Amino acid sequence: MSVREITIDELKIALSNGSEVIDVRESDEYESGHVPNAKHVPLGTIPNNMDLFRSDADIYVVCHSGGRSMRACEFLHDQGITNVLNVIGGTAGWIALGNETTTGQQP
(Lines give C-alpha, C1' and ligand atoms only; values in the text may rest on other atoms or scores of the structure.)
Protein backbone atom coordinates (compact mmCIF):
# COMPACT_ATOMS: atom_id res chain seq x y z
CA MET A 1 0.00 0.00 0.00
CA SER A 2 1.37 3.41 -0.92
CA VAL A 3 1.25 6.44 1.35
CA ARG A 4 -1.70 8.71 0.67
CA GLU A 5 -0.97 12.40 0.14
CA ILE A 6 -3.03 15.57 0.36
CA THR A 7 -2.58 19.18 -0.68
CA ILE A 8 -2.51 22.23 1.57
CA ASP A 9 -6.05 23.14 0.50
CA GLU A 10 -7.26 19.64 1.40
CA LEU A 11 -5.49 19.94 4.77
CA LYS A 12 -7.33 23.20 5.47
CA ILE A 13 -10.66 21.46 4.89
CA ALA A 14 -9.66 18.49 7.05
CA LEU A 15 -8.55 20.76 9.89
CA SER A 16 -11.78 22.74 9.73
CA ASN A 17 -13.53 19.41 10.32
CA GLY A 18 -11.44 18.71 13.44
CA SER A 19 -8.75 16.45 11.96
CA GLU A 20 -5.38 16.05 13.65
CA VAL A 21 -2.03 17.16 12.23
CA ILE A 22 1.39 16.13 13.52
CA ASP A 23 4.54 18.13 12.69
CA VAL A 24 7.71 16.01 12.47
CA ARG A 25 10.25 18.84 12.15
CA GLU A 26 12.93 19.62 14.72
CA SER A 27 12.01 21.73 17.76
CA ASP A 28 13.54 24.99 16.49
CA GLU A 29 11.67 24.68 13.19
CA TYR A 30 8.38 23.88 14.92
CA GLU A 31 8.75 26.75 17.39
CA SER A 32 9.50 29.26 14.62
CA GLY A 33 6.09 28.63 13.04
CA HIS A 34 3.73 25.70 12.57
CA VAL A 35 0.23 24.86 11.41
CA PRO A 36 -2.14 25.90 14.23
CA ASN A 37 -2.97 23.01 16.59
CA ALA A 38 -0.25 20.77 15.10
CA LYS A 39 1.20 18.38 17.65
CA HIS A 40 4.98 18.15 17.66
CA VAL A 41 6.65 14.75 17.27
CA PRO A 42 10.18 15.14 15.83
CA LEU A 43 11.00 12.56 13.16
CA GLY A 44 13.69 10.87 15.25
CA THR A 45 11.26 10.28 18.13
CA ILE A 46 8.52 8.57 16.12
CA PRO A 47 9.60 5.01 17.04
CA ASN A 48 9.05 5.93 20.71
CA ASN A 49 5.76 7.74 20.02
CA MET A 50 3.93 5.50 17.58
CA ASP A 51 0.83 5.39 19.80
CA LEU A 52 0.26 9.08 18.97
CA PHE A 53 -0.39 8.02 15.37
CA ARG A 54 -2.75 5.15 16.16
CA SER A 55 -6.29 6.28 15.53
CA ASP A 56 -9.46 5.30 13.73
CA ALA A 57 -9.34 8.71 12.05
CA ASP A 58 -6.84 9.95 9.47
CA ILE A 59 -3.83 11.82 10.82
CA TYR A 60 -2.05 14.36 8.65
CA VAL A 61 1.76 14.46 8.87
CA VAL A 62 3.63 17.64 7.96
CA CYS A 63 7.26 18.82 7.88
CA HIS A 64 8.94 21.70 6.05
CA SER A 65 8.22 20.64 2.47
CA GLY A 66 7.02 17.04 2.51
CA GLY A 67 10.17 14.89 2.52
CA ARG A 68 10.52 14.08 6.20
CA SER A 69 6.79 13.68 6.61
CA MET A 70 6.80 11.17 3.74
CA ARG A 71 9.60 9.22 5.46
CA ALA A 72 7.56 9.29 8.68
CA CYS A 73 4.47 8.00 6.87
CA GLU A 74 6.47 5.26 5.14
CA PHE A 75 7.96 4.15 8.47
CA LEU A 76 4.54 4.12 10.12
CA HIS A 77 3.06 2.15 7.20
CA ASP A 78 5.83 -0.41 7.63
CA GLN A 79 4.72 -0.72 11.27
CA GLY A 80 1.10 -1.30 10.24
CA ILE A 81 -0.14 2.25 10.94
CA THR A 82 -1.85 3.19 7.67
CA ASN A 83 -4.16 6.03 8.73
CA VAL A 84 -1.43 8.66 8.12
CA LEU A 85 -1.35 11.03 5.15
CA ASN A 86 1.58 13.08 3.92
CA VAL A 87 0.98 16.80 3.39
CA ILE A 88 2.45 17.81 0.03
CA GLY A 89 4.33 21.11 0.28
CA GLY A 90 4.51 21.00 4.09
CA THR A 91 4.67 24.03 6.33
CA ALA A 92 6.50 26.04 3.67
CA GLY A 93 3.55 25.50 1.33
CA TRP A 94 1.10 26.35 4.13
CA ILE A 95 2.89 29.67 4.70
CA ALA A 96 3.32 30.41 0.97
CA LEU A 97 -0.46 30.25 0.55
CA GLY A 98 -0.88 32.91 3.24
CA ASN A 99 -2.19 30.67 6.02
CA GLU A 100 -1.74 31.53 9.68
CA THR A 101 0.93 29.89 11.80
CA THR A 102 1.47 29.52 15.51
CA THR A 103 4.86 30.05 17.13
CA GLY A 104 6.37 28.57 20.27
CA GLN A 105 6.09 25.15 21.84
CA GLN A 106 2.31 24.95 22.15
CA PRO A 107 0.16 23.54 19.34
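## Strand pairing

S2 and S3 run parallel and are joined by two bridges. Across this pair, Asp 23 faces His 40 of S3. The model is a predicted one.

S2 also pairs with S4, again in the parallel sense, over four bridges. Here Val 21 is opposite Tyr 60 in S4. A further parallel pairing links S1 with strand S5, residues 84-87, over three bridges. Within that pairing, Arg 4 has Leu 85 of S5 as its bridge partner.

## The sheet as a whole

Put together, five strands make an open sheet. Their order is S1-S5-S4-S2-S3, and the pairing is parallel. The edges are taken by strand S1 (4-6) and strand S3 (39-40). Each has a single partner strand, so one side of each lacks a neighbour in the sheet. Strands of a sheet pair through backbone hydrogen bonds, in either a parallel or an antiparallel sense.

## Helices against the sheet

The chain has four helices and five strands. Read from the N terminus, the elements follow the pattern β-α-β-α-β-β-α-β-α.

Helix H1, residues 8-16, lies across S1, strand S2 (20-23), S4 and S5. H1 runs at about 90° to S1. H3 lies across S1, S4 and S5. The angle between H3 and S5 is about 165°.

## Nonpolar cores

The largest nonpolar core holds 16 residues. Which of them touch the most other members? They are Val 24, Ile 46, Phe 53, Val 61, Leu 76 and Val 84. Strand S4 (59-62) and helix H3 (67-78) each contribute at least two residues to this core. H3 gives the largest share, four residues.

Leaving aside residues up to four places away in sequence, Phe 53 touches Ile 22, Val 41, Ile 46, Ile 59, Val 61, Leu 76, Ile 81, Asn 83 and Val 84. Among these contacts, Ile 46, Val 61, Leu 76 and Val 84 are also listed with Phe 53 as the core residues that touch the most other members.

## An exposed loop residue

Asn 48 sits in the loop between S3 and S4. Is Asn 48 buried or exposed? Its relative accessibility is 70%, and exposed means over 50%, so Asn 48 counts as exposed.

Asn 48 and Ser 69 are 21 residues apart along the chain. Their C-alpha atoms are separated by 16 Å.

## Overall dimensions

How does the radius of gyration fit the chain length? For 107 residues, a compact globule would have a value near 13 Å. The chain has 12 Å, which agrees. Along the principal axes, the C-alpha atoms fill a box of roughly 35 × 25 × 25 Å.

Of the 107 residues, 40% count as buried. The accessible surface comes to about 5600 Å². Carbon and sulfur atoms account for 47% of that surface. Among contacts with a separation of 6 or more, 70% are between residues 24 or more positions apart.

Note on methods. Residues numbered from 1 in each chain as written. Predicted model: local features only at pLDDT ≥ 70, side-chain atom pairs only at ≥ 80, totals over all residues. Heavy atoms only, no water. Core = buried A, V, L, I, M, F, W, Y, C linked by side-chain atoms within 4.5 Å. Buried < 20%, exposed > 50% of the residue type's maximum accessible area, 1.4 Å probe, protein only. Contact = heavy atoms within 4.5 Å. Pairing = 2+ DSSP bridges. Axes fitted to C-alpha atoms, helices over the stretch in contact; angles between N-to-C directions. Rg over C-alpha atoms; globule rule 2.2 N^0.38 Å. Areas by Shrake-Rupley, 256 points an atom, 1.4 Å probe, with all protein chains shown as cover.
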